Structure formats: C-alpha cells, structure tokens
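Open the model in your viewer and get ready to select residues by number. Each stop tells you what to pick and what is there.

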Amino acid sequence: MPISLQRGCNRILQVSERRKKIHESGLLNTIELVITSPLRRAMETSIGIFRGQEVEDVNISDDFTKANNLPPILALETCRERMGLYPCDRRASISTRRTCFPDIDFTMIESDEDAQWQDKEREKLEDVANRGLRFYTWLLDRPEKEIAIVSHGIFLQQTLRALREKLGIPIEDSHLTRFANCELRTIRIEKK
C-alpha cells in the first residue's frame, strides 16, 4: 500500500511540475484539443495539466472552460494503454468516469464497460502499433492543428515506431525510446 501512495504523490508532483513548464513555455496557450486515454491515471494527468486542478477539484463548469480559453479534453479508447492481463490497464465504466471527470468528453467511447480488455491474454505489440496507426489516421481528419495527447508509454512508442517503419514518416530515434512518466515530447507531423 505505501508504494501506491508514493507513486500517486509522485504523479501529482510530476503533473504540477509539467503544467508549470508547459505554462512557462507558452505551449498551454496554443493547444486546441487534448486527447486522453480513458484510464484514470491519464485523465488525472489531463485535468491536472490542462485545467490546473487536482483530482478532487475537477468539477469545472463549461462557462469557466470557455471563458479561460481552455482546450476541450476528449477521451478516446484508441489511445489507451496496452490491454490485457493487468487489472491496472482495465478502465472503469464510463458512467463512473463521467461522475469523477465531468470536464472530459466521453462521447467517442462506444461502450460503458471495458469490452476490449481481456483477462487471459496481453495485447500484442503489433496490435498496439496497428491501433496507433488507426489513431493517427483519425488525428489527420481533425480540424485542430495543435493537439496534446495524454496517453501511455507503450502506446505512444509503438505508434511512433509504426509511423516511421510502416508509413515512412521521419521520426527521430530519440522519439522512439521508452517514455518516462509525465514526459512531454513535441512531435510535428505535417499533413500531406
């Protein structure tokens, strides 16, 4: 139990530090949309960075969001953690998450319960990469130019590798390494 508490406290500190750095850089003012994984740890990070709120203070009104020019936060199943076996990678019901995270838009998630997570088999890395390519295709159809993605290391790493290896998009080697917790990487991909 103390390990969980330590990790949670560490994540809160990481989010606070990341928000401060993003705010100081001016990046916070350019983001038009935030895409988040529907797993609790990613949504807490999204709210902490892009709303400046701790989890217990997430009840922010739409008027506040619009008045302060805050980007909308959209939960998307496609950019979640590698699925299967580990209960920490299984999401809670969306009806529960809507109560806990009223500032996040869950309309893109089709099922209330986590129908994709399997308890007996871990998702193959190739399947994670293919899911990442579907996510990339979805991103290309978005009208926004500056999008923040709050996701998970394995998903992001496999997506970037697939973009380079399967689509030939020039991604620097330094962007293909394992992500640290709450790490920020800025990657510009131009639409063709």
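Select helix 5 and helix 6 in this predicted model. From helix 5, the residues that meet helix 6 include Leu 125, Val 128, Ala 129, Leu 133, Phe 135 and Tyr 136. Colour the contact by class: eleven residues are nonpolar, four are polar and three are charged.

Now turn the view to look at the two axes. How do they cross? The axes of helix 5 (residues 125-140) and helix 6 come within 8 Å and cross at roughly 75°. Angles from 65 to 115 degrees count as roughly perpendicular, so helix 5 is roughly perpendicular to helix 6.

Stay on helix 6, residues 153-167, and select Gln 157. Is Gln 157 buried or exposed? Its relative accessible area is 8%. Buried means under 20%, so Gln 157 is buried.

Next, show what surrounds Gln 157. Beyond residues up to four places away in sequence, Gln 157 touches Leu 176, Thr 177, Arg 178 and Phe 179. Zoom in on Leu 176: its backbone oxygen lies 3.0 Å from a polar atom of the Gln 157 side chain. Then pick His 175, 18 residues from Gln 157 along the chain. The C-alpha atoms of these two are separated by 7.8 Å.

Last stop: Ser 46, in helix 2 (residues 40-50). Ser 46 has a relative accessible area of 0%, so it is buried too. Which residues does Ser 46 contact, leaving aside neighbours within four places in sequence? Select Val 34, Thr 36, Arg 51, Ile 73 and Val 150.

Notes. Residues are numbered from 1 along each chain as its sequence is written. This is a predicted model: local features need pLDDT of at least 70, side-chain atom pairs count only at pLDDT 80 or more; totals for chains, interfaces and linings use all residues. Side-chain values use heavy atoms; hydrogens and water are left out. Helices (H or I, at least four residues) and strands (E, at least two) are DSSP runs, numbered from the N terminus. Buried means under 20% relative accessible area, exposed over 50%, partly exposed in between (1.4 Å probe, protein chains only). Contact means heavy atoms within 4.5 Å. A polar contact is a pair of N or O atoms within 3.5 Å; within protein, one must be able to donate a hydrogen and the other to accept it, and residues adjacent in sequence count only if both atoms are side-chain atoms. Axes are lines fitted to C-alpha atoms, for helices over the stretch in contact, and angles run from 0 to 180 degrees between N-to-C directions. Angles under 35 degrees count as roughly parallel, over 145 as roughly antiparallel, 65 to 115 as roughly perpendicular and the rest as oblique. Ala, Val, Leu, Ile, Met, Phe, Trp, Tyr, Cys and Pro count as nonpolar, Asp, Glu, Lys and Arg as charged, and the others, Gly among them, as polar.
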